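I opened the notebook to record what I looked up in this structure. The entries follow below.

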Amino acid sequence: MIAQIVFIIILAAAVYLFAKNAGKIRRNILLGKDTNRSDQPAKRWKVMAKVALGQTKMVKRPVAAIMHFFIYVGFIIINLEVMEIMIDGIFGSHRIFSKPLGSLYGLLIGGFEVLAILVLVACVVFLARRNIVRLKRFSGVEMTVWPKSDANYILCIEICLMTAFLTMNAADYKLQVQLFHQYLQNSYLNHDIAYIARLKVVGSFPISSFIAPLLPDNASALAIIERVCWWLHIVGILAFLNYLPYSKHFHILLAFPNVYYSNLEPKGEFTNMASVTNEVKAMLDPSFVPESTGEISRFGAKDVTDLTWKNLMEAYTCTECGRCTSVCPANITGKLLSPRKIMMDTRDRITEVGNNIDKHGKDHKDDKTLLDNYITREELWACTSCNACTDACPVNINPLEIITEMRRYVVMEESQAPASLNTMFGNMENNGAPWKYSNADRFNWIEGQ
């Protein structure tokens with residue numbers, strides 16, 4: 001009972017802390033402006049099944065796609081084993097699913113072990129790619145000590161979790177199969193003979209059976225190893241759960257909703273502000289009576305609260321893989337822009353805003369903004385609006401939306417566009433074209449043809 005009480009306390013504390021921190025992230029996301037992303041639900045489900053579930057955008061890099069698939073499937077399926085461990089921890093049982101599932105239980109355990117070893121291999125490969133091969137897309141000015149360490153921490157944690165799982169199974173396997181009689185004779189094992197016998201028959205440990213010979217032959221030592229690894233595995237998972245809100249790996253939870261709420265309009269299509277559209281219509285038609293659009297607080301975006309909740313969700317969904325930056329023509333040619341940095345800066349700024357709310361209240365102003373304090377104007381104007389970053393992102397994150405909204409603020413509120421753009425704006429206003437020639441001279445180029 002003491003072990004059960006301790007486990008229930010740890011479980012309750014872990015769930016409470018995770019809910020509290022996840023709630024803060026939800027609050028931060030909802031600080032953004034409203035936008036309608038509930039249209040065309042059938043199409044949205046289709047996009048989510050294709051991109052998030054099917055991971056179709058990952059296959060452009062086959063090695064990473066295969067390794068990520070191992071981790072992805074392992075994460076989903078091994079949750080069944082985690083559910084069993086939690087039930088065992090609460091009720092003091094041991095492999096409670098073995099009875100109702102019968103011989104199927106052995107197949108499941110075997111599948112879990114194969115997935116566990118594949119996850120181990122994938123994590124080792126990813127660690128090597130980051131720290132030995134040092135792929136270029138994992139570097140950049142935004143990839144400071146913490147982002148790099150965060151990725152390594154997660155991979156090492158997953159390796160430890162899978163190692164504990166396999167070692168736990170190996171000790172259990174040896175107790176059940178090789179030291180069955182010693183297993184029954186120990187008073188600290190509170191299971192009847194029929195229960196142990198059933199485990200012996202249906203158990204299937206294709207990986208841990210090779211690890212078992214490396215473990216001691218003493219039943220007491222094996223029982224201790226099994227219990228220690230059991231606790232390390234489940235407590236490690238609960239600790240990992242509470243690490244997610246502080247890590248880029250929160251995308252594990254946000255990837256699916258982020259893809260579901262993707263922008264279904266053509267890529268690069270510029271959104272119109274209703275207030276500006278009404279002014280233009282009124283200029284063209286004096287009889288036009290605009291509908292009320294509410295109070296306009298700002299044209300474009302200067303800070304994160306001027307962005308939409310979807311932009312902020314994307315910032316928390318970004319896994320910093322660098323695919324966007326690796327295909328960005330501005331970044332490739334040496335310019336300052338990195339789409340990954342745009343998303344990381346947005347996430348850092350909205351997190352800072354949320355922390356200020358927690359400490360000083362919702363009306364606190366810290367005299368910082370996303371523009372200038374986090375993202376420079378040089379970065380904004382380096383963007384070619386080509387949408388390469390959006391196309392490359394495995395979970396449909398769109399850095400271009402943030403860039404264009406910040407550009408809109410610079411142009412419409414500050415009138416501080418680069419000189420070349422101001423010249424174009426003047427030509428558009430006076431000549432109806434980006435060039436300095438008047439409409440009357442537009443076709444002069446065909447003379448003499």
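How much space lies in the second largest pocket? I found about 730 Å³ there. The model is predicted, so local features need pLDDT of at least 70 and side-chain atom pairs count only at pLDDT 80 or more, while totals for chains, interfaces and linings use all residues. Residues are numbered from 1 along each chain as its sequence is written, and side-chain values use heavy atoms, without hydrogens and water.

I noted the terms for this entry. A pocket is an open set of points on a 1 Å grid over the protein atoms alone, where a 1.4 Å probe fits, with protein on both sides within 12 Å along at least five of seven lines; lining residues have an atom within 4 Å of a point. A volume is the space filled by probe spheres set on the points, which are joined across faces, edges and corners.

I then looked up the lining. Of its 30 residues, Met58, His68, His249, His251 and Thr319 are the closest to the centre of the second largest pocket. Helix 3 gives the largest share of this lining, six residues; helices are DSSP runs (H or I, at least four residues), numbered from the N terminus.By class, I recorded 19 nonpolar, five polar and six charged residues in the lining of the second largest pocket (Ala, Val, Leu, Ile, Met, Phe, Trp, Tyr, Cys and Pro count as nonpolar, Asp, Glu, Lys and Arg as charged, and the others, Gly among them, as polar).

Finally, I turned to the largest pocket, which holds about 1,200 Å³ of space. Helix 20 gives five residues, the largest share of its lining.

Terms used: Helices (H or I, at least four residues) and strands (E, at least two) are DSSP runs, numbered from the N terminus.
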